[in-house]
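Here is a chain to question. Look at it first, then follow the reasoning turn by turn.

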Amino acid sequence: CTLRFPGGDAYVSYRGTDNTLVGWKEDFNMAFESDVPSQLAARAYLERVAPTVTGALYVGGHSKGGNLAVYAASTCDGPTAARVRRVFSHAGPGFTAEALATPGWRERGGLVSKTVPKSSLIGMLFEQQEEYAVVDSSTLGILQHDPFSWVVEGCGFSYANGISRGAAALDETLNQWICSMTHEERAGFVNTLFSLLYAS
C-alpha cells in the first residue's frame, strides 16, 4: 500500500510473507533464484505508484516486505529511482552475492536502513548482508521477529550493541550451510522439503 503525506511525499509499504505454503516456498526460493514473482510485482508496483506522487518516495517493509522494498528500489527504472530518498528493511532477508553485485545495488545500496532484533534469524538470511542496526525487543528468541515487540523510545527505536551470541552462531552456521551448496542443490532441497509439506 502507499501512504501519502500532507507535503506530497509518500511511503510505499510492502507486507511480509502470508500464511500459505506458496508464500513460504517463494521465500525459500530466494536462496537460489533471482527475480522471484513477488519481487517483480514489488518493482512494478513502485513504478506504477511513482507518477501519482508529487514528492519524494520512501520505501519499506517488514520481513519479506523488507526484501521486496530493497529489491524494488534497487531495480526500478531511473526516473523512479531518482525520487527514492530512503529504503527501510525491518528484519528483511538479505540477498545472495549475485544480487548484491548488480549495478542497481551498488548505486542505491547506500539508501537502505536495515533493522534487525537481537535474536534475528529471518533478517540475517543469505550469504551477504547490508549494514544493519540492532533493535531491543521485549520478547525472546524467534518471537523477536514480531515488530510489535521492538522497543520504542520517543519517536525512534531503542538500539542494542549487536545481535546475541546465540543468534550470531546460528546465523553463521545457517548461512555457511546455504553457501556450501550449489544453486542446483539448493533448488533440490527446497523442492523436496515443500513436496513433503504439500503431501501432508
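Q: How many helices and strands does the chain have, and what makes a run a helix or a strand?
A: The chain has 8 helices and 8 strands. Both are DSSP runs: a helix is H or I over at least four residues, a strand is E over at least two, and numbering starts from the N terminus. This is a predicted model; local features need pLDDT of at least 70, side-chain atom pairs count only at pLDDT 80 or more, and totals for chains, interfaces and linings use all residues. Residues are numbered from 1 along each chain as its sequence is written, and side-chain values use heavy atoms, with hydrogens and water left out.

Q: What makes β1 and β6 edge strands?
A: The open sheet has 6 strands in the order β1-β2-β3-β4-β5-β6, with mixed pairing. β1 (2-4) and β6 (132-135) each pair on one side only, and they are the edge strands. From one strand to the next, the twist averages 20 degrees (axes are lines fitted to C-alpha atoms, for helices over the stretch in contact, and angles run from 0 to 180 degrees between N-to-C directions).

Q: How do you know that β1 and β2 pair?
A: Two strands pair if DSSP finds at least two bridges between them. Here 3 bridges join β1 to β2 (residues 10-14), and the two run antiparallel. Arg4 stands opposite Ala10 in β2. In their hairpin, 5 residues lie between the strands, and Gly8 takes a positive phi near 110 degrees.

Q: Which sense does the pairing of β2 and β3 take, parallel or antiparallel?
A: β2 and β3 pair in the parallel sense, over 5 bridges. Ser13 stands opposite Gly60 in β3. β4 (residues 84-90) and β5 are also parallel, over 4 bridges. Phe88 stands opposite Ser113 in β5. Next, β5 and β6 pair in the parallel sense over 4 bridges. Thr115 has Ala133 in β6 as its bridge partner.

Q: Why is β2 called mostly covered?
A: Buried means under 20% relative accessible area, exposed means over 50%, and partly exposed lies in between (1.4 Å probe, protein chains only). In β2, 4 of its 5 residues are buried. β5 (residues 112-117) is mostly covered too, with 5 of its 6 residues buried. Across the chain, buried residues make up 44% of the 200 residues.

Q: Why does Tyr132 count as partly exposed?
A: Tyr132 has 36% relative accessibility, so the residue counts as partly exposed. Its place is in strand β6. Tyr132 and Lys114 are 18 residues apart in sequence, yet 4.6 Å apart in space, C-alpha to C-alpha.

Q: What makes the buried residues of α2 line one face?
A: Ser38, Gln39, Ala42, Leu46 and Val49 are buried in α2. Seen down the axis, the buried residues fall within an arc of 105 degrees, so they line one face of the helix. That arc is taken from the directions from the helix axis to the C-beta atoms. The face turned away carries the exposed residues Pro37 and Arg48.
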